[in-house]
2 protein chains.
Amino acid sequence: MNDGQRARRPGGRSARVGAEVHQAVTDLISERGYGNFTVGEVAARAGVADSSIYRRWGSLETLLTDVALTRLNTRSPMPDTGSLAGDLRTYAAQVAREITGPEGLAVVRLAVALSSTGQQGQQARDDLLAERTRQLQSMLDRAGERGERAPDALEVLDHIMAPMYIRVLLGVGRLTPEYVDGLVDRLL
Amino acid sequence: MNDGQRARRPGGRSARVGAEVHQAVTDLISERGYGNFTVGEVAARAGVADSSIYRRWGSLETLLTDVALTRLNTRSPMPDTGSLAGDLRTYAAQVAREITGPEGLAVVRLAVALSSTGQQGQQARDDLLAERTRQLQSMLDRAGERGERAPDALEVLDHIMAPMYIRVLLGVGRLTPEYVDGLVDRLL
């Protein structure tokens, strides 16, 4: 069996190692916070060699963003409701629920942590953002194809995501459904 | 000389200790980041007793927000230009310059750090925000007294501050003068 076959088999060793490493990262973030553990500690907890992690992810920063992206894609997938207003309202409501939940501002904490770790951290942060922006852009493109007038992705970031993140970060205001829908309506 | 007189004398011992403690905090933040030093280490560097710091500030969290607030009030004082558009444009430009400068997102890092340190940290964060909101509200009230229609302070946070902070945090877009003025115009 070659590497290509192994990578494609969902229940295979590669998938198991991936899941164990992701779990180890999630646990270490929750116990110690970003910036307070090493690749060696992730490897020890997951029961794999350091070299397996470096071979697959390249760096701790890339591993951290892979874990965050997997989580985002699972918990806040980009919706496809058939209308732009529906998509944006659904997406905004998911984000509001997520950032006011027990994991809170995990993504903001990650971005702050990565911004402090030099070039490699910033690259990992940029890659994460680029992937989510690509997904958001697909949603906006679908609206355009339906003949709806769509904002650009940066406007969605500026006027829907940013206010929600800052409110939670600073502990002011509340993300009521009316408020979240209002952000979408105001932008559209 | 009683305490009241001492506190009012700008060049007095109390002011000197305050300045030395603030400088020690600023240095430790820059060397180690938030969450990675203690009151004892601040005291040692400032050449004062731990008890002096606890007596004056009560906790590390309160001291950290006092340093941040002093800095904010010095570098981004609330402007009074005679018009709401002028005030908001000046203020937004100050914030943009500050958060894209060498200290970058010091306030966001502080808010993230305080949010992670339990009740006392959240209280300190809330006090810092309440003081800046009070200043912003004065600016908005002046506009109201002149007969201008002013947004509320949370709207300024949501649609002027939040987009700038998030862009810097995520490293996307640029805070050009046109963009910053555009945030103000859009809100007004």
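In chain A of this predicted model, helix α9 (residues 153–170) packs on helix α10 (residues 177–187). Their axes come within 9 Å and cross at roughly 160 degrees. Angles over 145 degrees count as roughly antiparallel, and that makes α9(A) roughly antiparallel to α10(A). The crossing of the two helices is right-handed.

The residues in this contact can be named. From α9(A) come Glu155(A), Val156(A), His159(A), Ile160(A), Pro163(A), Met164(A) and Arg167(A). They meet Tyr179(A), Val180(A), Leu183(A), Val184(A) and Leu187(A) in α10(A). By class, the contact of α9(A) with α10(A) holds nine nonpolar residues, one polar and two charged.

Is Asp158(A) buried or exposed? Buried means under 20% relative accessible area. Asp158(A) has a relative accessible area of 3%, so it is buried. What is Asp158(A) in contact with, once neighbours within four places in sequence are left aside? Within chain A, the partner is Pro163(A). From chain B, the partners are Asp158(B), Pro163(B), Arg167(B) and Tyr179(B). Two of these partners, Pro163(B) and Arg167(B), belong to α9(B). Tyr179(B) belongs to α10(B).

Helix α9 (residues 153–170) of chain B and helix α10 (residues 177–187) of chain B have axes that come within 9 Å. They cross at roughly 160 degrees, and α9(B) and α10(B) are therefore roughly antiparallel. The crossing of α9(B) and α10(B) is right-handed. On the α9(B) side, the contact uses Glu155(B), Val156(B), His159(B), Ile160(B), Pro163(B), Met164(B) and Arg167(B). On the α10(B) side, it uses Tyr179(B), Val180(B), Leu183(B), Val184(B) and Leu187(B). These residues of α9(B) and α10(B) divide into nine nonpolar, one polar and two charged.

Helix α6 (residues 84–99) and helix α8 (residues 118–145) of chain B pack at an angle of about 155 degrees. Their axes are 9 Å apart. At that angle, α6(B) and α8(B) are therefore roughly antiparallel to each other. Leu84(B), Asp87(B), Leu88(B) and Tyr91(B) form the α6(B) side of the contact. Arg132(B), Met139(B), Leu140(B), Arg142(B) and Ala143(B) form the α8(B) side. The contact of α6(B) with α8(B) counts six nonpolar residues, no polar and three charged.

Now step back to chain A as a whole. It has 10 helices and zero strands. Its C-alpha trace spans about 50 × 40 × 30 Å along the principal axes. Of its 188 residues, 46% count as buried. Among contacts in chain A with a separation of 6 or more, 60% join residues 24 or more positions apart. Chain A exposes about 9,400 Å², and carbon and sulfur atoms supply 49% of that area.

Leu28(A) lies in helix α2 (residues 13–32) of chain A. With a relative accessible area of 0%, Leu28(A) is buried. Beyond its neighbours within four places in sequence, Leu28(A) is in contact with Gly33(A), Phe37(A), Glu41(A), Val42(A) and Arg45(A). How far does Leu28(A) lie from Thr100(A), and what separates them in sequence? The two are 21 Å apart in space, C-alpha to C-alpha, and 72 residues apart in sequence.

Conventions:
Residues numbered from 1 in each chain as written. Chains lettered and ligands numbered in written order. Predicted model: local features only at pLDDT ≥ 70, side-chain atom pairs only at ≥ 80, totals over all residues. Heavy atoms only, no water. Axes fitted to C-alpha atoms, helices over the stretch in contact; angles between N-to-C directions. Helix = DSSP H or I, 4+ residues; strand = E, 2+ residues; numbered from the N terminus. Parallel < 35°, antiparallel > 145°, perpendicular 65-115°, else oblique. Left-handed = near helix turned anticlockwise from the far one by under 90°. Contact = heavy atoms within 4.5 Å. Nonpolar A, V, L, I, M, F, W, Y, C, P; charged D, E, K, R; others polar. Buried < 20%, exposed > 50% of the residue type's maximum accessible area, 1.4 Å probe, protein only. Areas by Shrake-Rupley, 256 points an atom, 1.4 Å probe, with all protein chains shown as cover.
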